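Hello, and thanks for asking me to look this one over. My notes are below as numbered points, to be read with the model open beside them.

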Amino acid sequence: MSKAQAALDKALAFLDGAQLPSGEFRVVTSLRRDMAGDCEPDPSIFPTALVAHCLSFTPEAEAMRQRALAFLLTQRDRHGLWRHWTKDHPFFRQLPPDMDDTCCVSAALAAGGSAEIADPALLLANRDAEGMFLTWIMPRARWTGLTHMRVTLPQLRHLVTLWFFFKKTSAAPGDVDAGVNANCLHYLGDFPGQERVVARLVEILRQGGEADADKWYENRFVLWYFFARALGGRSAEARELLLARLDAAAPGSALELALSIAARLYCGATPPGSLIETLLAAQSADGSWPRAPVYFGGRERRRDGSLAPAHPDTPHWGSEEMTTGFCIEALKRSLPAAAA
């Protein structure tokens, strides 16, 4: 048995044991960027959606993946949309549905054979005048079509709650985030106007604009992973730019190693063996890899379009389960090259 296969087997055993009875994969939050020390559990939808996607490359994890998908279905609202927090979270009703959770969950469900996914027509109506996807699914002061308005106008009954959400957080009604748009591309596939989104994301890479491209993804490796997943099969220029970025950047954690390997694979490139060896060496005795932040609580966007530095009290989300999910994807997809 190869070292990579042995590591993969240990990782799957860890993740199977760590999966909650509901099918959810745990996520914790911390005010520290390194997520060292005590962290608070924060039941959320997004982590399970990402891990379910990572497991889709591993047939031996199918039972685990189906439990995760069943959990995601329990969190679907009556309009077929998803929010960040779980339904039993105390803050669940304080935020609107969003495109990031909805598209990542729907993509994972679709890959698992479920038809209980978000209506593409509803999501396509949630774009701005330039054809970019708006992060928040909410009422707009313009005609957005009957389906979109039927779903979003009832939010006006809770206008005060909606106002406080945007007042008390770095979120804004007009948010357009590059990582979110990449995840929309990943779910929706081919659709009218996709070339505008692709062109904008490629332009961000061309100009080196990742640092100001998305409020919620501070880690450039996370953003590159989402870009590669969405653009790897769509744009030769994007593949070239992403591979150049990855070649020039040194991963600083197991999470970044796994994302770097997976992003290369989405771009059709073979990951360097040194990355895989380093990832194998970073595995913990229990089969997991250390937690690291995948996303965080956001930054204010200035009038010039740049993002302000994050407030010191901005939370970060991650877990051993999330990191291990990405590591499983990276190892499984590179296994033939990693065999030794």
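1. First, a term for the charged pairs: a salt bridge is a side-chain nitrogen of Lys or Arg within 4 Å of a carboxyl oxygen of Asp or Glu. By this rule the count comes to 16 salt bridges. Please keep in mind that this is a predicted model, where local features need pLDDT of at least 70, side-chain atom pairs count only at pLDDT 80 or more, and totals for chains, interfaces and linings use all residues. Residues are numbered from 1 along each chain as its sequence is written, and side-chain values use heavy atoms, with hydrogens and water left out.

2. Arginine 33 lies in the loop between β1 (28-30) and β2 (40-41), and glutamate 218 in the loop between α9 (194-207) and α10 (220-231), so the pair ties together parts that are 185 residues apart in sequence. Helices (H or I, at least four residues) and strands (E, at least two) are DSSP runs, numbered from the N terminus. Arginine 33 counts as exposed because its relative accessibility is 52%, while glutamate 218 is partly exposed at 31%. For these words, buried means under 20% relative accessible area, exposed over 50%, and partly exposed in between (1.4 Å probe, protein chains only).

3. Next comes the salt bridge between the side chains of arginine 245 and glutamate 210, at 2.8 Å from N to O. This pair links distant parts of the chain, 35 residues apart: arginine 245 is in helix α11 (residues 236-248) and glutamate 210 in the loop between α9 and α10. Arginine 245 and glutamate 210 are both buried.

4. What does arginine 333 meet in a salt bridge? Its partner is the side chain of glutamate 329, at 2.8 Å from N to O. Glutamate 329 counts as buried, since its relative accessibility is 0%. The charged end of arginine 333 also sits over the ring of tyrosine 266, 4.0 Å from its centre. A charge sits over a ring if NZ of Lys or CZ of Arg is within 6 Å of the ring centre and within 35 degrees of the ring normal. Arginine 83 does likewise over the face of phenylalanine 92, at 4.7 Å from the ring centre.

5. One more charged group deserves a look: a network of salt bridges links Arg26, Arg291, Glu320 and Glu321.

6. On to the rings, where the structure holds 15 aromatic pairs. In tryptophan 85 and phenylalanine 91, the ring centres are 5.8 Å apart and the planes at 55°, so the pair is tilted. Rings of Phe, Tyr and Trp (its six-membered ring) pair if their centres lie within 6.5 Å; planes under 30 degrees apart count as stacked, over 60 as edge-to-face and the rest as tilted. Tryptophan 85 is buried at 17% relative accessible area, whereas phenylalanine 91 is partly exposed at 39%.

7. Tyrosine 217 and phenylalanine 226 make an edge-to-face aromatic pair, 5.1 Å centre to centre with 65° between the planes. Both of these residues, tyrosine 217 and phenylalanine 226, are buried. They belong to a cluster that ring pairs build from Phe46, Tyr217, Tyr225, Phe226, Tyr266, Tyr295, Trp317 and Phe326.

8. A polar atom of the serine 2 side chain lies 2.9 Å from the backbone nitrogen of glutamine 5. Serine 2 is in the segment before α1 (3-18) and counts as buried at 12% relative accessibility. A polar atom of the arginine 264 side chain lies 3.3 Å from the backbone oxygen of leucine 246. Arginine 264 is in helix α12 (residues 254-266) and counts as buried at 6% relative accessibility.

9. Finally, lysine 10 is found in helix α1 and is partly exposed, at 37% relative accessible area. Its C-alpha atom is separated by 9.3 Å from that of glutamine 283, 273 residues apart along the chain.

Methods:
Polar contact = N/O pair within 3.5 Å; in protein donor to acceptor, adjacent residues only side chain to side chain.
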